[in-house]
Amino acid sequence: MDRQSIIEHIPRLRRYARALVGDRYIADDLVQDTLERAWNKFSLWRQGSDLRAWLFTIMHNVFVNQARRRRYEIEQAMEELPAVGVRATQGDQLELEDVDRALRALTLEQREVVLLIAIEQLTYDEVGRALGIPIGTVMSRLSRGRERMRQLLGDPAAVPLKVVK
């Protein structure tokens, strides 16, 4: 495996960053900072381990560091809805906006876990390693996040999160 393998993960990193921060420009900066750090620290990656999980770990750490430095900017970005691709009907668009608002209403810790498991389809173990938390904490945050989204969306079947163990 070589550094070219990092490039293959850019679409997933961009998707996660966009969902995490809610602003295209801040997300692009987050991805760029993540890729720069991964490139510079590539020698620290252990051959045979999951490169995707390693990259998400780096992104998480970069995000946390940026949030500490620019708390006000991050909070403003979280309030803005990201541009969503045009859907078939206005109802679909409104439904996507509702899900986006529900995601943004979750705590950062819950949102990270929900996004990594539901969207990026990482396993509990991979999420735990990426975020530096025990698997039990991953499961707890996922459960609370899903429940909160169900409450916010008012439909028990509204959060069809695929659980990957």
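Where is the place of Gln66?

Reply: Gln66 is in helix H4. A note on the basis comes before the details. This is a predicted model, in which local features need pLDDT of at least 70 and side-chain atom pairs count only at pLDDT 80 or more, while totals for chains, interfaces and linings use all residues. Residues are numbered from 1 along each chain as its sequence is written, and side-chain values use heavy atoms, with hydrogens and water left out. Helices are DSSP runs of H or I with at least four residues, strands are E runs of at least two, and both are numbered from the N terminus.

Gln66 has a relative accessible area of 5%, so it is buried. The cut-offs are under 20% relative accessible area for buried, over 50% for exposed, and partly exposed in between, with a 1.4 Å probe and protein chains only. Leaving out residues up to four places away in sequence, Gln66 touches Leu30 and Asp33. Contact here means heavy atoms within 4.5 Å. Asp33 is 33 residues from Gln66 in sequence, yet their C-alpha atoms are 10.0 Å apart in space.

Asn61 also lies in H4, which covers residues 51-69. Asn61 counts as partly exposed, with 37% relative accessibility. Its C-alpha is 9.5 Å from that of Gly132, although 71 residues separate Asn61 and Gly132 in sequence.

Leu30 leads on to another pair of helices. Leu30 belongs to H3, among the residues that make its contact with H2. The axes of H2 and H3 (residues 24-40) come within 8 Å and cross at roughly 135 degrees. Axes are lines fitted to C-alpha atoms, for helices over the stretch in contact, and angles run from 0 to 180 degrees between N-to-C directions. H2 and H3 are therefore oblique to each other. Under 35 degrees is roughly parallel, over 145 roughly antiparallel, 65 to 115 roughly perpendicular, and the rest oblique. The crossing of H2 and H3 is right-handed. That word applies if the near helix is turned clockwise from the far one by less than a right angle; anticlockwise is left-handed. On the H2 side, the contact includes Leu13, Ala17, Leu20 and Val21.

Now H2 itself. Leu13, Tyr16, Ala17, Leu20 and Val21 are the buried residues of H2. They cover an arc of only 110 degrees around the axis, which puts them on the same side of H2. The arc is taken over directions from the helix axis to the C-beta atoms. Gly22 follows H2, with a positive phi near 80 degrees.

Val138, Leu142, Gly145, Arg146 and Met149 are buried in H9. Those buried residues fall within an arc of 100 degrees, so they line one face of the helix. Gly154 follows H9, and its phi is positive, near 70 degrees.

Last, the whole. The protein has nine helices and zero strands. Of its 165 residues, 41% are buried. Among contacts with a separation of 6 or more, 67% join residues 24 or more positions apart.
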